[in-house]
Amino acid sequence: MRAFRLTDHRWTPVDEPTPTPGPGQVLVKVKAASLNHRDVLIRAGSYGVQPNHGVIPLSDGAGEVVALGDGVTRFAVGDRVVGAFLPGWTTHPVPTSGEQYSIDVDGWLAEHRAIPEEALAAIPDGVDHETAATLPCAATTAWVALRGVGEGDVVLTQGTGGVSLFVVQLAVARGARVVATTSTDAKAELVRTLGAEPIDRVAIPDWPSEVWTRFGGAHRVIEVGAGLAKSLGALRPFGEVALVAPSREEVRTSTLFRTRATVRSLAVGNRLELEAVAAEVARLGLEPVVDGVFDLEDAESAYERQIEDGRVGKVVVRVG
């Protein structure tokens, strides 16, 4: 099978035997995989946890079951499946294993993968493989970040990355009023077409005040790197910041006390949460914002697109 392995901060193409599924595993013929910012950090050696030498990259992938290991009961040959973000985080409140794709175990940038059946979710009817491959990290994170958000709530997103755009689409579907900070006219137009109301963070550096002026503050802020202080500044009393990315700044506890804010850090979600967002995507007929689709042999171009400033949404690799 064709695959890529991480060696010396590069994705190196390899040709190697197709794996055989062990007990409790299924062999997946990979149809599509998608990239996340995490993959950029891992390749650069700045993720915080060093990957095993020669590991297959990418945590997000989807495909078709083509063989079963002993004892498999959840799937049959021909089933369409998508992998949960962490292979050891299935239905439990916290991961039962610390293993991570493209760190401890091989990821999805390959034609075939042998995966534990408990680490896979069925792809609902009406959702294609490329859409499914965008769900494990970005869409599941957005789903968890929106827990408790309902009709009429004001939700603030930041930028036009994968998580933020899924937040826009899922929150709008709930009847929330969504505000999105952007940096260009083109990105502002994009979020507007998705149902959000843009604020240009370049033209209006004090955008938290703008959120208060125009919307009376936000009930929920999805913090992906703008800075916790600004996120708290845009938040109504007793609101919540869903902390998707770590803040690079210190915030006084007096600020939290004064705003009565809740700050909830996220670690994506488990397989049940992936199943829930996949079902919602199917119900809504939601189409994720995909910046570009690349063939497997052109995976390096997919990586280059992932790190470009102009990218919006997800970058997908079509594998099979």
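Hi everyone, let me begin with a term: two strands pair if DSSP finds at least two bridges between them. The strands themselves, like the helices, are DSSP runs numbered from the N terminus (E, at least two residues, for strands; H or I, at least four, for helices).

What we have here is a predicted model, where local features need pLDDT of at least 70, side-chain atom pairs count only at pLDDT 80 or more, and totals for chains, interfaces and linings use all residues. Residues are numbered from 1 along each chain as its sequence is written, and side-chain values use heavy atoms, with hydrogens and water left out.

Let's start with β3. Which strands does β3 pair with? With β4, residues 60-68, there are 8 antiparallel bridges, and Leu27 sits opposite Ala67. With β6, residues 112-116, there are 5 bridges, again antiparallel, and Lys29 faces His112. With β15, residues 314-318, there are 3 antiparallel bridges, and Ala33 has Val317 as its bridge partner.

Now to the open sheet. Its 6 strands are paired in parallel, in the order β10-β9-β8-β11-β12-β13. β10 (197-200) and β13 (262-265) are at the edges with a single partner strand each, so one side of each has no neighbour in the sheet. On average, neighbouring strands are turned by 20 degrees against each other, direction ignored; the axes behind that are lines fitted to C-alpha atoms, for helices over the stretch in contact, and angles run from 0 to 180 degrees between N-to-C directions. Between β8 (154-158) and β11 (218-223) there are 2 parallel bridges, and Val155 stands opposite Arg220. Helix α4 lies across β8, β9 and β11, at about 160 degrees to β8.

A nonpolar core is a set of buried Ala, Val, Leu, Ile, Met, Phe, Trp, Tyr and Cys residues joined through side-chain atoms within 4.5 Å. The largest one has 41 residues, and those touching the most other members are Val82, Leu135, Leu146, Val155, Phe166, Val167 and Leu274. Two or more residues come from each of α3 (135-145), α4 (162-173), β9 (177-182) and α9 (271-284), with α4 giving the most, 7 residues. A second, separate core of 35 residues includes Ala3, Val30, Ile42 and Tyr101.

Notes. Buried means under 20% relative accessible area, exposed over 50%, partly exposed in between (1.4 Å probe, protein chains only). Contact means heavy atoms within 4.5 Å.
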